[in-house]
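I wanted to look up which of them pair and how accessible they are.

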Amino acid sequence: MAFARSRQALAIAGVLGLALGVTACGTGSDKKSNKAGSAECAAYEKYQGHDGKKVTIYSSIRDIEADRLAQSWKQFEDCTGIKIDHEGSGEFEAQLGVRVDGGNAPDLAFIPQPGLLKRFADAGKLKPAGDETKAMAEQNYSPDWLKYSTVDGKFYGAPLGSNVKSFVWYSPKTFKEKGWNVPTTWDELIALSDTIAASGTKPWCAGIESGDATGWPATDWIEDLMLRMTSPEVYDKWTTHDIPFNDPQVVTAVDKAGSILKNEKYVNGGFGGVKSIATTSFQEAGTPITAGKCALHRQASFYANQWPQGTKVAEDGDVFAFYFPAVDPAKGKPVLGGGEFVAAFADRPEVQAVQTYLASGEYANSRAKIGDWVSANKKLDLNNVPNPVDKLSVQILQDEKTVFRFDGSDLMPAAVGAGTFWKGMVDWINGKDTVTVLNGIESSWPK
């Protein structure tokens, strides 16, 4: 959906006060040691030969996150002589099409919606990735990821950053005090919810208000339950409309989500009844955990930056997250997530060099060391991931049992994924029955 990156941008807004670290490369006398041929530049030899060339990149990444991007490829620039000119925009999704249609396309774009990438590929605007980029991507990413940037058998670019959405946030401190254990199965999750409810506390808190994008957090619940109640194959058919939106399997998954979200005994801790979910902002939705007014909040890894200032986010801290349990562990470890893909509108040699580098383990580790970033790159060393929630996310993404699927509404036509699906979930929370809501979304699917 068009909101995928802006969700993360909102979440990252909470860390604007953090100071950026300074890399050793490109400063003072150290810059000389980073010239081509030096020991520090050995890892970049395959990308050299383009001194003085410029590559433009367009994305939705702004502010401190954009500064970290620039820092992450600084040594690459120093060692290759390629100048990377990155521009981030809050209107990225809309303006990218305007630029492409106007003959002013960037060399590369970080596209967070596979559906948008496919649209440009179908229109013949994108350049298929070169052989070196394709080989690097296949070496470092699972087929689950690479299929989202493959259109009609042509591969268009590797993932860059990632996020994990299959998380439940909780307070380790409270769990220890109450003698509660982190659940590892769905049945244990429900048993824990019942135990907490019996103690007089609403176990869950939730919020789906998000301005023009109100409803998206509820779609994530449905997508996670579709993966858990059906199978990855059925999930894929649902996102491509090979099964209708009101299929009985979808009804079952939505009702499963409703067993928590529409259960007055379970929600909405710290805010009110079920309907308060529709008016509670997603940024504030989990904060009652810190005050002991609820115990559980399902939200993505990027929610780590939404906690009040001074909150310790760690396995032994004030808040942390655990994997949203599978309904049937025998089916593997379903994981819902998102990310962006490095797609090319130009195929000059220097552009291909940058595209290949961004798919490499060297780049993933360079960016991870700076902090607040997750990647599904297999070469990413956990020791280079400082944030504990990011580390947990990378562990999940690198787990061989993980069955990853991209955010479903990002894969659907925008009129549905960022339209009737969002609105339908608001109506559902406000009391409309499951079948009526799903029938309405089904009727909106573009013919």
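How does K134 count by relative accessibility: buried, partly exposed or exposed? I looked it up and found K134 partly exposed, at 33% relative accessibility; buried means under 20% relative accessible area, exposed over 50% and partly exposed in between, with a 1.4 Å probe and protein chains only.

I note that this is a predicted model, where local features need pLDDT of at least 70 and side-chain atom pairs count only at pLDDT 80 or more, while totals for chains, interfaces and linings use all residues. Residues are numbered from 1 along each chain as its sequence is written, and side-chain values use heavy atoms, with hydrogens and water left out.

Entry, K134. I found K134 in a salt bridge with E138, at 2.6 Å from N to O (a side-chain nitrogen of Lys or Arg within 4 Å of a carboxyl oxygen of Asp or Glu). Both sit in helix α7 (residues 131–140), four residues apart, so about one helical turn separates them. Helices (H or I, at least four residues) and strands (E, at least two) are DSSP runs, numbered from the N terminus. E138 is partly exposed, at 46%.

Entry, E87. I found its closest N and O atoms with R99 to be 2.9 Å apart, a salt bridge. E87 lies in strand β2 (residues 83–88) and R99 in helix α5 (residues 92–101), so the pair ties together parts 12 residues apart in sequence. I have E87 as partly exposed at 36% and R99 as partly exposed at 21%.

Entry, R405. I found R405 buried, at 6% relative accessibility. A network of salt bridges links R405 with D144, K147 and D236.

Entry, total. My search of the whole structure gave 17 salt bridges.
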